[in-house]
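Have the structure open while you read.

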Amino acid sequence: MNDQDEFYKKLKIQLADTALWPTAYLYKFIVPTDDFKIEQIETIFDNLGAVISKKQSKNGKYTSVSINIRMKNPDHVILKYKEVASKVEGVISL
């Protein structure tokens, strides 16, 4: 099992223990400031009723993308993390 699998396994347990599902969940991603990469993240959460906010770093090199969205259960939360990680190059999930 690699570190990423271990991370998702722990996250699932944590999510299951700390929230009543479905619930609002806040995703935070950091990407190099690039309209295409930011759009990729927005597209993944499109048509799901997500509230998306973006903020550039002081030097403008990176953009933080926060997504507040109602998710059905911990598995759905993790699926979205994996989708973003597989589609958006250079993304950091917080």
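The points below go from the overall fold to the sheet and then to the helices.

1. Ground rules. This is a predicted model, where local features need pLDDT of at least 70 and side-chain atom pairs count only at pLDDT 80 or more, while totals for chains, interfaces and linings use all residues. Numbering starts from 1 along each chain as its sequence is written, and side-chain values use heavy atoms, with hydrogens and water left out.

2. Overall fold. I see three helices and four strands in the chain (DSSP runs numbered from the N terminus: H or I of at least four residues for helices, E of at least two for strands). From the N terminus on, their order is α-β-α-β-β-α-β. The radius of gyration is 14 Å, close to the 12 Å from the globule rule for 94 residues, so the chain is as compact as a globular protein of that length (radius over C-alpha atoms; the rule is 2.2 Å times the number of residues to the power 0.38). The C-alpha trace spans about 40 × 30 × 20 Å along its principal axes.

3. The sheet. It's an open one, with four strands in the order β2-β3-β1-β4 and antiparallel pairing (a pair needs at least two DSSP bridges). β2 (51-56) and β4 (92-93) are at the edges with a single partner strand each, so one side of each has no neighbour in the sheet.

4. Strand pairs. β1 and β3 are antiparallel over ten bridges, and Thr23 has Met71 in β3 as its bridge partner. Between β2 and β3 (residues 62-71), also antiparallel, there are six bridges; here Ile52 is partnered by Ile67 of β3. These two strands make a hairpin with five residues between them, and Gly60 in the turn has a positive phi of about 80°.

5. Helix on sheet. α3 packs on the sheet and touches β1 (23-32), β3 and β4, its direction making about 15° with that of β1 (contact means heavy atoms within 4.5 Å).

6. Helix on helix. How do α2 and α3 cross? The axes of α2 (residues 35-44) and α3 (residues 74-87) come within 10 Å and cross at roughly 150° (lines fitted to C-alpha atoms, for helices over the stretch in contact; angles from 0 to 180 degrees between N-to-C directions). That makes the two helices roughly antiparallel, a label for angles over 145 degrees. Gln40, Ile41 and Ile44 of α2 meet Lys80, Glu83, Val84 and Lys87 of α3.

Note on methods:
Angles under 35 degrees count as roughly parallel, over 145 as roughly antiparallel, 65 to 115 as roughly perpendicular and the rest as oblique.
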